[in-house]
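Q: Please take a close look at the metal site and at the ligand beside it, with the cut-offs spelled out.

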Amino acid sequence: MSSVLLRNIKTLVLGHPRRVAGAKMNELPTLDNAFLLLENGKIKDYGKQADAPDRADEIIDATGRFVLPAWCDSHTHLVFAGSREGEFADRISGLSYEEIAERGGGILNSARRLQQTSESALIDQALPRLAEVRGYGTGLIEIKSGYGLSLDAELKMLRVIQKLKAQTDLTIKATFLGAHTFPMEYRQNRRGYLDLIINKMLPQIADENLADYIDVFCEKVAFTPAETTEIVEAGARCGLQPKIHTNQFNSMGGIEASVAAGALSVDHLEVMTDAEIETLRNSSTIATLLPTAPFFLNDPFPPARKMLDAGLTVALATDFNPGSSPSGRMPFVLSLACIKMRMTPQEAVNAATINGAAALEEEENFGSITKGKSANILLTKPLSSLAYLPYAFGTNCVERVILGGK
Ligand code: NIG
Ligand code: FE
């Protein structure tokens, strides 16, 4: 038995035990002047400070502080080799992300580096990133492959993700993104790469149980909706549900293909038609927005307000990757959601916690302060109100992070 008692909490942000959509996302259940008891890695009890137990193995005084469920970052590419600030400079000089990709830079640049990097070196690079995002309050995280783009390198990436699980107290979900882009040698032979994914990569991944989900980058610079459908159908035969990159630059049928395939989430959505919002409204697919990517690429932001007003379930994630979002800092994602997408702080917190957990099928275990859920919480510095957190975009307001009660 090991217990931790947080006492004198200014405001305990309970959140919702299950996903929330539309207008309800603006409601955020809280309890002022509260205590929170964690026991054996789980949330045991909470209530008014006057009813707090007087004993625990560890007691933390949370006077003036907010306690929230730890962030659930449902979309990252946190395993990668090196960095791409050269392309960052090229974009400042006028090249676009898509032009860089056409020239064999971008994802292919990261793939070349990753192919030359050993499993242990990839782990050594990923661990400090995990420690950093933990410091900003993330407790549950999804990590994609997709910088391998060959059978060996995709398997290497997925094995690295599996090994990271044993070396961190963050909870990790793995997504196979072999269909991130076409390798150079397959640019004139798209069929050949689809066959490699479907006939070689997927069976081996299923065999070794290396992934929870399958992803495809459905875009003009990457895979068509028809190719996306073929790949995710093959993934489904291997037990992998899709989470799909789409509508980052173009609206070209990715939403329809994703919903038809029963996607758990569609991610990015910078470019959305009203008809596509309507398609999502009639589905259970979660709309995952990644505002640090359009921030970094200087692109338009997703029309979050329209999506919320239409009643969609919106999640927020970092997209942490070397090309379009070299940051895994969830509080900054919340700031951008509020500043650039006009989400309220309450909507942003729901999107970054319970709806992120839902986008990883972990509503039962994470994303809210609910008795029996995992003891994954963050404790802020003393704050005047909850809105201070997205407001003070350059300050790390997170003082302490407890995952699994530790
Ligand atoms: O989510 N859009 C596709 N994939 C990543 C970027 C990958 C890269 O540029 O390395 C994204 O933005
Ligand atoms: Fe991404």
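A: In this predicted model, the iron ion (ligand 2) is coordinated at 2.1 to 2.2 Å by His-75 (NE2), His-77 (NE2), His-245 (NE2) and Asp-319 (OD), where donors are N, O and S atoms within 2.8 Å of the metal (3.2 Å for Na, K and Ca) and water is not among the atoms, so sites may look incomplete. Along the sequence these donor residues follow the spacing H-x1-H-x167-H-x73-D. Because His-75 lies in the loop between strand 6 (71–73) and helix 1 (85–92), whereas His-245 belongs to strand 10 (residues 241–246), the pair ties together parts that are 170 residues apart in sequence; helices (H or I, at least four residues) and strands (E, at least two) are DSSP runs, numbered from the N terminus.

Two of these histidines also face ligand 1: a polar side-chain atom of His-77 lies 3.4 Å from an oxygen atom of ligand 1, and a side-chain N or O atom of His-245 is 2.9 Å from an oxygen atom of ligand 1. His-180 places a polar side-chain atom 2.8 Å from a nitrogen atom of ligand 1, the limit for such polar contacts being a pair of N or O atoms within 3.5 Å. The protein covers 100% of the 330 Å² of accessible area that ligand 1 has on its own, as computed by the Shrake-Rupley method with a 1.4 Å probe.

Residues are numbered from 1 along each chain as written, and chains are lettered from A and ligands numbered from 1 in written order. Local features need pLDDT of at least 70 and side-chain atom pairs 80 or more, while totals for chains, interfaces and linings use all residues, and side-chain values use heavy atoms, without hydrogens and water.

Key
A polar contact is a pair of N or O atoms within 3.5 Å; within protein, one must be able to donate a hydrogen and the other to accept it, and residues adjacent in sequence count only if both atoms are side-chain atoms.
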